[in-house]
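Please read it alongside the sequence and the model.

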Amino acid sequence: MTLHRKHLGAGLGGLGALGIAPYLSGMAILLSLGLPFDELRFGLAWAYWQAIDLPAFAAHAGRIRWAGGIGLVAAPLAWAAIVGTAWWRGYRVRPPRVPLFARMSALKTVWPRASSGRLPSDASLLIVAPDYPRAFAALLPALRDQAGPMLVVDIEGKLHDAAAAWRAGHGPVQRIAPFGGGMPWNPLAAMCHDHGVHREAVTSLVASWYPGGTPFITSLIELAFRALLGVVNDTLRHAGDPATPAPGDLARLARLPLNHATLDRLAVIPGLTPDTRADLTAWRRVDDDALALVAQQLRPPLARFLDPVLDAHTRGPSRPLQGTVFLTVPYAHRAEVVPLLHALLWPWRQAPTLVVHGLDLLPVLPPVRRCLATAVSMQGLLAMHGKNAEVFARRFRFVAWHGPGRGSGLAEDIDALGTYLTAHGHYGERLTTDTYRAALRRLRTGKQAVFSPLLWPPVRCPVVTAPSRHPTTPRSSHEGEPMTLPTPIAALLASLAVATATPAEAAPTARLAAATTPTVPTHVVKLGPHRFRLPVNVFNGPEGFSYKGIEFGIALRWPTLEPYPLGVNFHDDNDDFISSVRIIVSYFERLSDEEASNFLLHHLRYGKEASPYIRNNPAHNLDMRIRGEPRFGLTPYYLDTQRLKAYYTKEFGPNSKAVIHVNEWGEDWFLRRGKDGVPLTFVTCSTRLRPDGVTVTGQRLVDGKPGEHRAVCTHEFLLPQYKTMVSADYLRVMLPDWKKIEARVADILRDAEVTE
């Protein structure tokens with residue numbers, strides 16, 4: 001605390017008044033007695049006071065008392081009068097003190113049920129907590145008390161387990177699981193009826209699934225989408241099949257060559273309604289370049305539904321959406337929730353409250369009237385929305401801030417809160433002062449600061465929590481069965497495939513014969529100038545499909561190195577997961593043939609641009625490793641852990657995590673070189689000092705103890721005939737089969753290659 005100059009002057013003045021008070025008292029006594037000031041000294045008043053009872057002073061005692069008292073208090077009283085006057089003048093002109101935080105009563109004027117977490121009918125709330133468990137706990141009271149319909153984006157089903165029993169008190173509760181493990185749900189079922197499709201619904205869905213295009217191209221995509229949906233719907237109705245069109249059906253049709261010849265074949269299918277024929281005719285009038293552009297943009301959003309699990313669980317009849325709907329999404333598929341969410345929102349008769357735990361874990365979601373969401377960083381959320389950050393901030397009327405989140409400091413989060421207020425037309429810079437930063441830094445656990453454009457200052461209050469023992473709802477194992485491709489659609493696709501197939505694609509090789517049957521659909525992926533027709537069950541989920549024509553991913557099961565059966569997601573079962581070999585095939589688009597053949601040398605050589613940390617690090621230099629005896633046909637170069645510990649101790653200190661976890665985080669290298677010494681195979685595995693974490697029993701793997709880490713490998717090798725590098729990830733116990741893995745990948749590509 002800084003001592004103000006005025007305060008120092010007032011204090012010294014008081015001491016001076018006390019110092020001269022004895023002299024003034026003595027002077028007053030001398031004046032009252034008519035004596036000269038020659039006898040004045042510091043202790044004169046005290047001497048008269050002690051002698052006042054003597055007979056010689058009895059006649060003058062009264063005057064001595066009065067004069068001495070007046071002289072004694074004159075200086076202090078004068079000092080007090082001066083200081084008091086100055087203080088009073090300053091008090092009268094001082095502005096009223098504004099508190100940093102308002103009381104809970106101020107919040108209840110704009111949010112009457114804030115103590116229970118129940119939002120006003122048109123308001124949204126964002127809860128920002130330091131971590132996801134605390135955000136989860138703060139979200140539960142609103143799930144318990146919020147009335148009205150609700151759509152919950154439920155990663156891994158945790159919100160359903162915790163809150164379904166509460167939500168049952170507000171109406172029906174449904175749990176849908178398009179990615180498997182629960183009730184299937186068809187996003188297109190409500191758009192179709194016996195006499196055609198709902199055009200308004202298609203327009204709404206296309207606008208959300210295909211954003212950012214020009215109005216002309218978007219209108220053509222809508223026309224194509226509606227035409228294909230009509231073809232599937234009319235085919236099913238004509239055949240008397242009760243099934244409804246599914247996204248997977250449209251995805252299969254969209255894989256056909258969508259040229260004028262294919263559209264002519266679609267137009268003569270029996271049973272088409274006049275609306276569907278009119279849509280096909282209008283689509284047919286587009287020129288070749290526009291047809292190709294529409295087909296190119298139409299396919300990507302639909303391609304994800306070729307995943308066997310997603311395809312099987314997005315079929316079935318229309319289900320009315322009411323009450324509380326939990327959309328269960330596996331963490332690994334959280335990026336694919338947006339198109340499903342768009343399709344889920346429009347059929348509601350009354351707009352639901354959208355609930356999202358972990359808004360910063362998902363892509364940008366569609367705007368809704370009322371949203372209840374959590375995140376661990378306000379700054380991270382705004383950064384994720386980029387130039388639309390202020391638009392996103394205006395969605396929320398209230399922000400409950402519990403402290404800075406992971407990966408975001410206090411200053412960054414407070415700046416983001418200021419941006420939130422500024423977006424609503426308030427002066428957010430008031431929040432970024434040192435005073436507020438200090439106050440928010442002192443925010444204790446169990447407290448929250450609530451911000452709103454309707455409030456200033458913000459409100460500091462306790463966090464609303466749910467009972468520690470809340471009722472849980474076990475997930476039912478009988479929530480509906482996934483459906484297969486309807487027979488009329490399979491027949492339609494087969495006839496169109498025969499009519500549109502090129503001679504090179506008409507006869508698949510023997511190795512992939514089973515994969516090309518109607519029960520296992522195929523998908524053509526690009527790899528630079530090469531094309532490969534592969535069964536969809538060989539891909540590593542929807543994200544395995546070709547990325548920009550230079551990369552795709554597949555998954556094989558060890559030890560057979562065959563694809564998983566159709567409909568099996570290896571993430572759903574631990575035994576399947578630990579037996580998986582995840583493979584990425586990448587084309588060297590920007591490298592010459594020579595540069596591609598020498599690509600693995602980059603692991604062993606560092607250019608002049610490499611930092612001294614890299615050049616001197618034993619973990620990154622082959623000549624600083626320990627060469628071992630060949631194993632499985634590979635030359636091992638083991639990590640010199642003692643040398644690396646000494647290096648990390650010098651760089652980071654003896655107690656740093658880098659030193660402590662060398663044995664856990666380090667890697668051993670395994671190389672196979674060509675005649676010129678250039679690596680053809682490069683494998684990095686967990687250091688030999690780390691246990692395997694699994695055991696091999698016969699032809700299967702047995703996982704280790706819960707919490708025990710598994711030793712893993714990343715295996716890179718080249719396929720020069722395709723100018724391609726392959727990267728495979730698997731457990732270290734599979735390393736003896738590295739040659740089989742390389743041969744199996746080469747066989748798959750050779751047998752699946754097709755010509756354009």
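## Disulfide

A disulfide is here a pair of cysteine sulfur atoms within 2.5 Å. A search of the whole structure finds one. Cys685 is joined to Cys713, with an S to S distance of 1.9 Å. The two cysteines lie 28 residues apart, Cys685 in strand E19 (residues 679-686) and Cys713 in strand E22 (residues 712-719), so the pair links distant parts of the chain. Helices (H or I, at least four residues) and strands (E, at least two) are DSSP runs numbered from the N terminus. The torsion about the S-S bond of Cys685 and Cys713 is about 110°, which makes the disulfide right-handed.

## Cysteine burial

Buried means under 20% relative accessible area, exposed over 50%, and partly exposed in between, with a 1.4 Å probe and protein chains only. Cys685 is buried at 1% relative accessibility, and Cys713 is buried at 2%. Cys371, at 9%, also counts as buried, as does Cys461 at 2%.

## Helices H5 and H6

The axes of helix H5 (residues 132-145) and helix H6 (residues 158-167) come within 9 Å and cross at roughly 30°. Axes are lines fitted to C-alpha atoms, for helices over the stretch in contact, and angles run from 0 to 180 degrees between N-to-C directions.

Contact means heavy atoms within 4.5 Å. Among the contacting residues are Phe136 and Leu139 of H5 and Ala162 and Trp166 of H6.

## Basis

The model is predicted: local features need pLDDT of at least 70, side-chain atom pairs count only at pLDDT 80 or more, and totals for chains, interfaces and linings use all residues. Residues are numbered from 1 along each chain as its sequence is written, and side-chain values use heavy atoms, with hydrogens and water left out.
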